[in-house]
Amino acid sequence: MHALQLLFRPSHVTLLLVLWLQLGTNKAQEDNRKVMIMDVEIPQTAKADEEVTLKLVVKTELRECMVVKSYLVSSRPVDGPFNYKFTACLCPDYPRTFFWDFQSNNTVTIATVVDVIRQLNICPNNKAVIPIEANRFHVLNTLWVY
């Protein structure tokens, strides 16, 4: 009978092992992957009527692909290619780069926007996800025109 009691009695090693497994499991459940990483390159200053290039590199740390639409919004009207909207498939192993060339006569604040959308025939086999937390991401920049 005494031998059976020793078998059912937890040892210090067993308690430490259970504690370590619980801590490891809790840490493994954390998800720190970023849905969208946006790198925007635009000059800070420009001369009036000078052509400016805005470059956007979009990446994701998700394991799945997403259909994204990227576009620009400004505090003042800007015509031409500024209004182009790009739709593409964004996958973790294939970042996307978009360019806009435009001119402005006035200082303008520009929001570079990326929406995760539902659209067919963009990603291979129409396999894409839409994040639950957020589906619109943006970066603000100011172009000072002198």
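In the predicted model described here, Ile110 stands opposite Asn141 in β8, a position within the antiparallel pairing of β7 with β8, which are joined by eight bridges; strands are taken as paired if DSSP finds at least two bridges between them. Residues are numbered from 1 along each chain as its sequence is written, and side-chain values use heavy atoms, with hydrogens and water left out. Because the model is predicted, local features need pLDDT of at least 70 and side-chain atom pairs count only at pLDDT 80 or more, whereas totals for chains, interfaces and linings use all residues.

The chain contains two helices and eight strands, arranged along the sequence in the pattern α-α-β-β-β-β-β-β-β-β; helices (H or I, at least four residues) and strands (E, at least two) are DSSP runs numbered from the N terminus. Of the 146 residues, 29% are buried, where buried denotes under 20% relative accessible area, exposed over 50%, and partly exposed in between, with a 1.4 Å probe and protein chains only. Among contacts (heavy atoms within 4.5 Å) between residues at least 6 apart in sequence, 72% join residues at least 24 apart.

Five strands form an open sheet of mixed pairing in the order β2-β8-β7-β4-β5. Strands β2 (45-46) and β5 (86-90) lie at its edges, each with a single partner strand, so that one side of each is left without a neighbour in the sheet. The pairing of β2 with strand β8 (residues 136-145) is parallel and comprises two bridges, with Val145 of β8 as the bridge partner of Ala46. Strand β4 (residues 66-74) runs antiparallel to β7, to which eight bridges join it, and here Ser70 stands opposite Val114. Strand β7 (residues 108-117) is largely enclosed by the rest of the structure, because nine of its ten residues are buried.

Two salt bridges are present, each requiring a side-chain nitrogen of Lys or Arg within 4 Å of a carboxyl oxygen of Asp or Glu. In one of them, Lys59 pairs with Asp39, the closest N and O atoms being 3.7 Å apart; this pair links distant parts of the chain, with Lys59 in strand β3 and Asp39 in strand β1, 20 residues apart. Lys59 is partly exposed at 33% relative accessibility, and Asp39 is likewise partly exposed, at 36%. Arg136 forms a salt bridge with Asp115, with the closest N and O atoms 2.7 Å apart, and this pair links strand β8, which holds Arg136, to strand β7, which holds Asp115, across 21 residues. Arg136 is exposed at 53% relative accessibility, whereas Asp115 is buried at 8%.

Most residues other than glycine have a negative phi.
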